[in-house]
Amino acid sequence: GKQRKDGKRREDLGVYNPDFGQWTFYAATRGADGVVRFYQGRRDGQLYCVADDLSDIAFDTGMPFCIGQDGRGVAEYAFVGDVDEFAIWTRTLAHDEVRRVFNAGLAGKGLQE
């Protein structure tokens, strides 16, 4: 992993390669240890992950939850695309659970299947 300026470790488990105009999977998790993992999955079956210790960052910004904007509604560019499924879990998913959700989406199966 790479060292951040504050001495904490950052782990890159793949390099994001956006495939614009194609089906793409995104997931984010934050564990009790403060580690945030952001996943991006591609149609070719690749699932990338970046993990970083963000325990010292407050996630309560006071702004409303918003997809495609910054919560203020004044960003120059809004999200352009379709959202097929959206889910929020009440617990952190393990890596293998995120992989299963990704594989189901890749196969065209919904979260309930």
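**Close-up 1. The salt bridge between R42 and D44.** In this predicted model, the side chains of R42 and D44 come together in a salt bridge, with a nitrogen-to-oxygen distance of 3.3 Å. R42 counts as buried, at 11% relative accessibility, whereas D44 is partly exposed, with a relative accessible area of 49%.

**Close-up 2. The salt bridge between R91 and E97.** Here the side chains of R91 and E97 meet, with 2.7 Å from N to O. E97 is buried, its relative accessible area being 19%, while R91 is partly exposed at 47%. Side chains of opposite charge can pair when their charged atoms come close.

**Close-up 3. The salt bridge between R100 and D96.** The side chains of R100 and D96 form a salt bridge of 3.4 Å, N to O. Because the two residues lie four residues apart in helix 1, which covers residues 95-106, about one helical turn separates R100 from D96. D96 counts as partly exposed, with a relative accessibility of 41%.

**Close-up 4. The second largest pocket and its lining.** The second largest pocket has a volume of about 160 Å³. Ten residues line this pocket, and those closest to its centre are W89, E97, R100, V101 and L111. Among these, E97 takes part in the salt bridge with R91, and R100 in the one with D96. Taken as a whole, the lining of the second largest pocket consists of five nonpolar residues, one polar residue and four charged residues.

Technical notes
Residues numbered from 1 in each chain as written. Predicted model: local features only at pLDDT ≥ 70, side-chain atom pairs only at ≥ 80, totals over all residues. Heavy atoms only, no water. 1 Å grid on protein atoms, 1.4 Å probe; cavity = no way out; pocket = protein on both sides within 12 Å on 5 of 7 lines; lining within 4 Å. Points joined across faces, edges and corners; volume = space filled by probe spheres on them. Nonpolar A, V, L, I, M, F, W, Y, C, P; charged D, E, K, R; others polar. Salt bridge = Lys/Arg side-chain N within 4 Å of Asp/Glu carboxyl O. Buried < 20%, exposed > 50% of the residue type's maximum accessible area, 1.4 Å probe, protein only.
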